[in-house]
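Dear colleague,

Please find the structure below, followed by a summary of what was found in it.

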There are 2 protein chains.
Amino acid sequence: MSSRLFHFAGGAAGRFVVESMSTVCGAPLPLVERVEITAGGERSLFPGAAWVLKGMTSHERYVTRREKAELIGKQAALGRESATRTAIIPIRKTAAWWSLTQEERREIFEEQSRHIRIGLKSLPAVARRLHHCRDLGEPAEFDFITLFDYVPENAGLFEDLVAELRATPEWAYVEREIDLRLCYDPAVSS
Amino acid sequence: MSSRLFHFAGGAAGRFVVESMSTVCGAPLPLVERVEITAGGERSLFPGAAWVLKGMTSHERYVTRREKAELIGKQAALGRESATRTAIIPIRKTAAWWSLTQEERREIFEEQSRHIRIGLKSLPAVARRLHHCRDLGEPAEFDFITLFDYVPENAGLFEDLVAELRATPEWAYVEREIDLRLCYDPAVSS
């Protein structure tokens, strides 16, 4: 059985070299040199880490059947050999967002912000996996962690994706966001 | 800050005396004599427990703004002094349910099954708190744990609620369900 749970550990060790780490909004995370990402696992696997985040892949919350089919038809899996550029973006949304009903969130997410439409433009160049952490125990520092990878030539496409999303009405509900850019180091075995 | 995380520990100790424990479908849970329910906490607080379940309260997934207002207007909080009858019902839904889109789940949940309508009929007599556990780590034995309490005179209303929900199309997607009926023991301090 494949794990739905993933750990993201920042510290001195890990297969991913941190090239930049910036606080888009809210409280920062301690700066680290490397990040390890594991399927499954637990906190105790990373005794020296400065921070350990975790998230679970889950069912889709907002897509319609048609959008889901379109996404499945276009998306690529993480881990393509040439996709050496990686980004991890943990975010937390405001209490106001979570007090909205599902249909109100969908209205802002897609009808106003075109989140799915914007995301589709970068497929399959940018591979993406969304991890949920809002209901993963306490303290819940973030609601979501999104992991991306792409080949260096598609960096511009990725920057456009991130910039477009941050300019949407949906992002007015983001109260904490950290942007980590990583480079996969094949010399470090997992 | 009040905790969104709750633990439910079954064993020889706890403030709730188990009056019955039945497996509606799927694998059973070990039979126990007592149950403790705590806000917050962690697994290690219950060293002798036969099982420990946990779940988190979260935002609503299916209600419309109008339904939410109606629920808030009618519902009662758990823990009323005379509400000595308690039930805990953990359930897990099928992979088929989770592969549906949000709008398909809502269609089955309310338009076909009248889950919210049925629930409203028992308000405020039956108090209820829903805990999510699908995205709370692994192994995820259950997707939800619902806790109910009511005065003994409203037992019939509660039985109607449970029976009506189990007869809905939504319940075809329930693959594991345990039904625990408890009685609060005021002689045991928390």
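A residue is called buried if 20 or more other C-beta atoms lie within 10 Å of its own, exposed if 12 or fewer do, and partly exposed in between, with C-beta atoms placed from the backbone. This is a predicted model, in which local features need pLDDT of at least 70 and side-chain atom pairs count only at pLDDT 80 or more, while totals for chains, interfaces and linings use all residues. Residues are numbered from 1 along each chain as its sequence is written, and chains are lettered from A and ligands numbered from 1 in the order in which they are written.

Helix H3 of chain B spans residues 102-112, and its buried residues are Gln102(B), Arg105(B) and Phe109(B) (helices are DSSP runs of H or I with at least four residues, numbered from the N terminus). These residues lie on the same side of H3(B), because they cover an arc of only 70° around the axis, the arc being that of the directions from the helix axis to the C-beta atoms. The face turned away from that buried side carries the exposed residues Glu111(B) and Gln112(B). Just after H3(B), Arg114(B) takes a positive phi of about 55°.

The buried residues of H3(B) pack against H3 of chain A, as well as helix H2 (95-98) and helix H4 (115-121) of chain B. Residues are in contact if their C-beta atoms, placed from the backbone, lie within 7 Å. Chain A and chain B each bring 24 residues to their contact. On the side of chain A that touches chain B, H3(A) gives the most, with 3 residues.

Yours sincerely

Terms used
Contact = placed C-beta atoms within 7 Å. Helix = DSSP H or I, 4+ residues; strand = E, 2+ residues; numbered from the N terminus.
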